[in-house]
Amino acid sequence: MRHAKTSWKHIRRSPYQAIAAIFIMLLTFLSISVFAFIVVGSSMIISYFESKPQVTAFFKDEATQVDVDTLRSSLDQTGKVATMKYVSKEEALEIYKEQNKEDPLLLDLVTEDILPASIEISTTQLDDLDEISETLKQNPSISEVVYQKDIVSTLTAWTNAIRIIGVTLIATLALVSIFIMMTVIGFKVAQKKDEIEIMKLLSATNWYIRWPFVIEGIFYGVVGTVFGWLFASAGLLYATPYLETFLQGVPVLPASPLFLFILLGIELLIAVVLGIIASSLAVLRYLK
Amino acid sequence: MIKFENVTKKYPTGNTALEDVSFAIEPGEFVFLVGPSGSGKTTLFRLLIRDMVPSTGSVMIGDWDLVKLSRKKIPHLRKRVGVVFQDLKLLRDRTIFENVLFPLEVADMEDNAARRRVDEILAQVGISEHSDKFPVQLSGGELQRAAIARALAFSPEILLADEPTGNLDNATSWEIVKLLQDINAAGTTIIMATHNADIVNSLMKRVLVLEKGVLTRDDKREKKG
């Protein structure tokens with residue numbers, strides 16, 4: 001308690017240094033939060049697609065009901081198809097209306113004529129999807145085949161790239177925040193050189209001298225983290241409606257409060273460790 | 001009991017601060033340590049609080065061998081040996097009360113007990129009325145008393161006073177010496193480093209004379225009459 005009081009006095013007497021230290025921590029943890037959202041979100045999207053092994057084939061406009069039926073029975077004969085769902089032009093329009101019901105402008109522009117009929121096929125074996133999609137591509141009445149595997153591999157490639165960038169960015173920011181905190185705290189330690197010398201002569205243990213500075217480091221870390229996390233979470237909450245429209249039915253949002261609080265917990269832990277490392281390094285020079 | 005045996009202290013610069021110094025001081029003694037500047041008085045004090053270790057020889061306080069003393073025991077040692085530093089080393093941004101409280105805080109003494117103890121010592125050295133003032137507001141003699149008060153915080157067995165009358169006028173110097181005598185009378189061993197021949201001669205106490213790091217005289221005298 002006595003140490004905490006001393007730290008608070010140190011912080012109050014140099015508010016600008018404190019603000020600098022808190023801001024760099026805020027920046028670091030804002031980035032960590034945003035990065036965590038992206039990584040967790042994209043893995044959820046990927047596993048959603050992976051859990052749905054299906055191909056969607058869109059029919060050409062000129063395809064007749066006979067063409068559709070022929071295709072269905074030929075697919076049935078392979079014995080590899082688990083489910084098959086035909087979506088007619090009318091049904092496609094219904095789905096479109098449902099997805100865009102809040103945007104009348106988009107609804108006015110679209111009639112059932114411009115939406116293709118499609119068929120969604122899932123297989124019992126994931127490996128069979130390749131073969132089915134090849135068969136579909138060769139069918140003359142099919143205009144386009146959308147294969148989830150392509151989506152997944154594209155997404156995976158993107159996520160990996162984001163991960164590398166994110167880790168680099170966060171590592172750099174963490175290092176910079178350690179250096180800035182070291183400078184801020186080191187400056188204060190240097191100012192108190194005489195006092196530290198007297199403390200040692202008056203039989204203060206090294207930890208007695210170190211504690212207020214360590215608490216100061218932890219304080220900067222924790223305050224920066226809480227604000228960084230708050231900004232990131234508020235931003236996510238604000239963006240949720242837009243992102244939901246964009247993601248169209250992939251169940252990622254809204255983010256669960258549990259996830260957000262676990263993230264805060266982990267971040268606080270990192271912040272405390274960063275604070276301790278920075279302040280200990282700063283005091284190290286004066287306490288052999 | 002303090003015991004120096006063949007103590008030599010050489011600094012890395014090549015200077016020899018103490019050379020083959022041996023003496024023993026019994027508990028409750030009042031000893032003057034006399035010698036010109038640079039004769040090794042302060043070095044001797046620093047050895048006694050384990051602020052440094054001798055190059056060769058041994059320093060004992062009771063049965064503690066300071067050369068072999070573990071780092072953990074240094075705080076204990078510094079409670080047994082109080083020091084009034086030559087430059088006082090009072091903290092400028094703390095009141096006299098807080099300065100005296102400081103070593104007790106460092107030792108994690110319970111707050112109320114510590115405050116009572118500070119009131120007690122400030123009364124003992126006679127500066128209770130300056131309790132809430134800052135060091136800049138006090139006179140030389142008062143500052144000296146404040147430094148003595150801080151050194152007494154743990155009721156040490158031994159009190160080292162480094163030139164406590166160095167910057168004081170004659171009358172004030174005598175007041176400080178009287179105070180040290182009172183503390184000595186209560187059982188504390190006192191070693192006082194000084195230049196003041198007047199005080200040394202009138203008090204008729206034991207005198208250790210250091211010259212260029214060598215102990216040249218060890219006079220045990222009894223006060224006349």
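A charge is said to sit over a ring if NZ of Lys or CZ of Arg is within 6 Å of the ring centre and within 35 degrees of the ring normal. Select Lys89(B) and Phe85(B) to begin: Lys89(B) lies over the face of Phe85(B), at 5.7 Å from the ring centre. Then select Lys79(B), which lies over the face of Phe154(B) at 5.4 Å from the ring centre.

This is a predicted model, in which local features need pLDDT of at least 70 and side-chain atom pairs count only at pLDDT 80 or more, while totals for chains, interfaces and linings use all residues. Residues are numbered from 1 along each chain as its sequence is written, chains are lettered from A and ligands numbered from 1 in the order in which they are written, and side-chain values use heavy atoms, with hydrogens and water left out.

Turn now to ring pairs. Select Trp229(A) and Phe261(A), whose ring centres are 5.6 Å apart and whose planes stand at 40°, so the pair is tilted. At 9% relative accessibility Trp229(A) counts as buried (under 20% relative accessible area, with exposed over 50% and partly exposed in between, for a 1.4 Å probe and protein chains only), whereas Phe261(A), at 51%, counts as exposed.

Finally, select Phe4(B) and Phe23(B): their ring centres are 4.7 Å apart and their planes at 15°, so this pair is stacked. Phe4(B) counts as buried at 1% relative accessibility, and Phe23(B) counts as buried at 6%.

Notes: Rings of Phe, Tyr and Trp (its six-membered ring) pair if their centres lie within 6.5 Å; planes under 30 degrees apart count as stacked, over 60 as edge-to-face and the rest as tilted.
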